[in-house]
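Trainee: Could we go through this model together? I would like to understand where its labels come from.
Mentor: Happy to, so let's open it up.

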Amino acid sequence: MSTALEAPPPDDDYQTTPADHAEQAILGALLLAAPTDDAPPPGDYRHPGHELIAHTIQAMRDDLKPVDTLTVADALGARDLLRLGGLPYLHELITKACVPASITYYRDIITEAAGRRRLATLGTQLQAAAHAPGDLPLAALLHDAAGAIDTLAGTTTTGEDTNTWAPLNLAEILASDQLDLGPRPTLLARNDGKLLLYPAAIHSISGEPASGKTWVAILAAAQELADSNDVLYIDFEDRPETLISRLRGLGIDDRQIAEHLRYIRPQAALDPASRTHLDEATQGVTLAVIDGITEAMTLHGLSLMDNEDVARWLALIPHHIANHGPSVVQIDHVVKNSEARGRYAIGGQHKLAGITGVAYKLVTVRSFGRGSHGIAKLVIDKDRHGHVGPNGSTAAEMHLDATKDGLEGWLCEPEETTYSSGGEMRPTHLMEKVSRYLEHVTEASGRQITTTIKGKDTYVRLAIKTLQDEGYITARPAARGAQNYSSVTPFRQADHDDE
C-alpha cells in the first residue's frame, strides 16, 4: 500500500477558505520584506501557485536579491506569472499582507488545513486498501495503516504543545524573589540623574517643526557617545553633516563619533539584503534613533492614517531593532492645526498604541535659534511601564543655550524653572533650596552654595542672583573678589507659583 501523501489539486472555489486567505496574508508580508523563518514549509500551501511564489521569494533571499513585486514577477517568468494572474495579483497580495508578528498565526491555519487534506487523502488510500482483492491479512493492513498515521502525525506536529493560548505554569515565576514591575529606564539622563528611556523598547518624540524634537534624540545620542556606547542613527530626513555638526557642538569629539556612531541614510525601502546591513548595524548598540517617520513610512508605501499600515511599519523596523536590545527613539510630527491635533502625532491611533516605552510630546516654551536660549517641555503622552511619570505630566525641560561661545544642551527637572509673565526664567524651585540652605548657615560663598545645592550650576547661580535682586538674600565682599551670601527673609516657591 502506498502511503504517499499527495495534496489534491485546488478546488474550483479557490480563495474561499480561511487557509487561502492565510496564504495570501503571508505571501503579502514576504513581499514586504518580512522574514521567511516562520513561513509555512514546502507542501503546506493549498494552491500550487502560492507555493511557487513562496519558493521564488526564498530562493531570491538566499541569493541576497531584492524582493518586491517587480523583481518577483521577473523571477517567476512571463508564463508562470500569467498563470498566477499577472502582476496585478502580486499587488493584490500586498494589500492583504499581515504584519510579521502575525505570520505564525496564519501559518498555523495553513498547517492545520494541510494536515486535514493529508488526512483525507490517507483515508481514501486506506479505504481502497481495505477493499482491494488479495491475500494481505487484516493485521498487516492495520500495521501499515498505523505506520501511515504515525508518519502523518509527524508532519503536522512538533511533539510538544506550543499553543500560546494554553495557560502558563506560574509556579516557577511565583517562586522567584526577583519579581519586577517591568523594566526601568536606563538612558537619557536629566541633570539630576533621572533617566527617561527604557531599554529594548520603542519611544517616540513628536512636536511641531522647529520644536527641538530632533535635539532630544541628539542629546540622548551625545550622552551615549560620551560614555563610549554605540549608537545607531537612521536618518530619513537630513544628512550626516548636520548630525555631526550638532554632536560636535555638544562637545562630542571626532574620535567618539567615528568609533561609536553608525549612521544610515536610506534611499530605498528595506529589502532582505538591506535587512542584513541593518541587523549588522544594530548589534551592540544601546540607542537607535529613527528620524523622520512620515518619510520612512512613505518610502515603504505605507499610509500614515491606516492603523494596519502603522502596525506593519512598527513590525518592519522599530520592533525588529528593539528586539535586539537597544532603546529605539522615533522622531515624529504632530498635526499643525492644534485644534485637530488630539493626543498624538500625525497618523493612525496605533502609533500611540504601538509604543512600548514612552511617547513624548515636545512643547516649546522659548523658541530655539542661533544666538538664543531655547526651552521646551518634554510632556508624557504615554508611559508603558510608569517609571518616568504619569500621562500629561512634564518629564523634563530641554535647554539649548547658544548665547555664548559654542552650544550647551541639557535636560533638567521640570520644577527647576518657572517663568514670569514676561517670559523670563525664574527658578523658584532652586530659589527655595538656596533660601533654606542660607537660613541654616551664617553665610556661604557662591561656590559653597553651588556645590551643596543639587542642580545645574547655571540655574543655581541664576537662583542666587534672583534672590539677591529681589531682596531675599544679601551679599558682602569676600577674599579675592568673591561674594558671601546670607539670608534676609525666607523664600517659598508655593507663594510665587502663580506669578
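Predicted model: local features only at pLDDT ≥ 70, side-chain atom pairs only at ≥ 80, totals over all residues.

Trainee: Why does Leu-261 count as buried?

Mentor: Buried means under 20% relative accessible area. Leu-261 has a relative accessibility of 15%, so it counts as buried.

Trainee: Which residues is Leu-261 in contact with, leaving aside its neighbours within four places in sequence?

Mentor: Contact means heavy atoms within 4.5 Å. By that test, Leu-261 is in contact with Leu-225, Val-231, Tyr-233, Leu-243, Leu-247 and Gln-256. As for Ala-221, its C-alpha atom is separated from that of Leu-261 by 8.6 Å, and the two residues are 40 apart along the chain.

Trainee: What makes Leu-170 partly exposed?

Mentor: Partly exposed lies between the two cut-offs, under 20% for buried and over 50% for exposed. Leu-170 has 45% relative accessibility, so it counts as partly exposed. You will find Leu-170 in the loop between α7 (138-156) and α8 (171-175).

Trainee: Which residues form a nonpolar patch on the surface with Leu-170?

Mentor: Leu-168 and Leu-174 form the patch with Leu-170, and together the three have about 360 Å² of accessible area. Members of a patch need over 30% relative accessible area, and Leu-170 has 45%.

Trainee: Back to β5. What is the order of the strands in the open sheet?

Mentor: The order of the 9 strands is β5-β4-β6-β7-β3-β8-β9-β10-β11, with mixed pairing. β5 (261-264) and β11 (408-412) each have a single partner strand, so one side of each is left without a neighbour in the sheet, and they stand at the edges. On average, neighbouring strands of this sheet are turned by 20° against each other, direction ignored.

Trainee: How do you know that β3 and β8 pair?

Mentor: Two strands pair if there are at least two bridges between them. Strand β3 (residues 202-207) and strand β8 (residues 358-366) have 3 bridges, in the parallel sense.

Technical notes:
Residues numbered from 1 in each chain as written. Heavy atoms only, no water. Helix = DSSP H or I, 4+ residues; strand = E, 2+ residues; numbered from the N terminus. Axes fitted to C-alpha atoms, helices over the stretch in contact; angles between N-to-C directions. Patch = residues over 30% accessible without salt bridge, like charges linked within 9 Å, V, L, I, M, F, W, Y side chains within 5 Å. Areas by Shrake-Rupley, 256 points an atom, 1.4 Å probe, with all protein chains shown as cover. Salt bridge = Lys/Arg side-chain N within 4 Å of Asp/Glu carboxyl O. Buried < 20%, exposed > 50% of the residue type's maximum accessible area, 1.4 Å probe, protein only.
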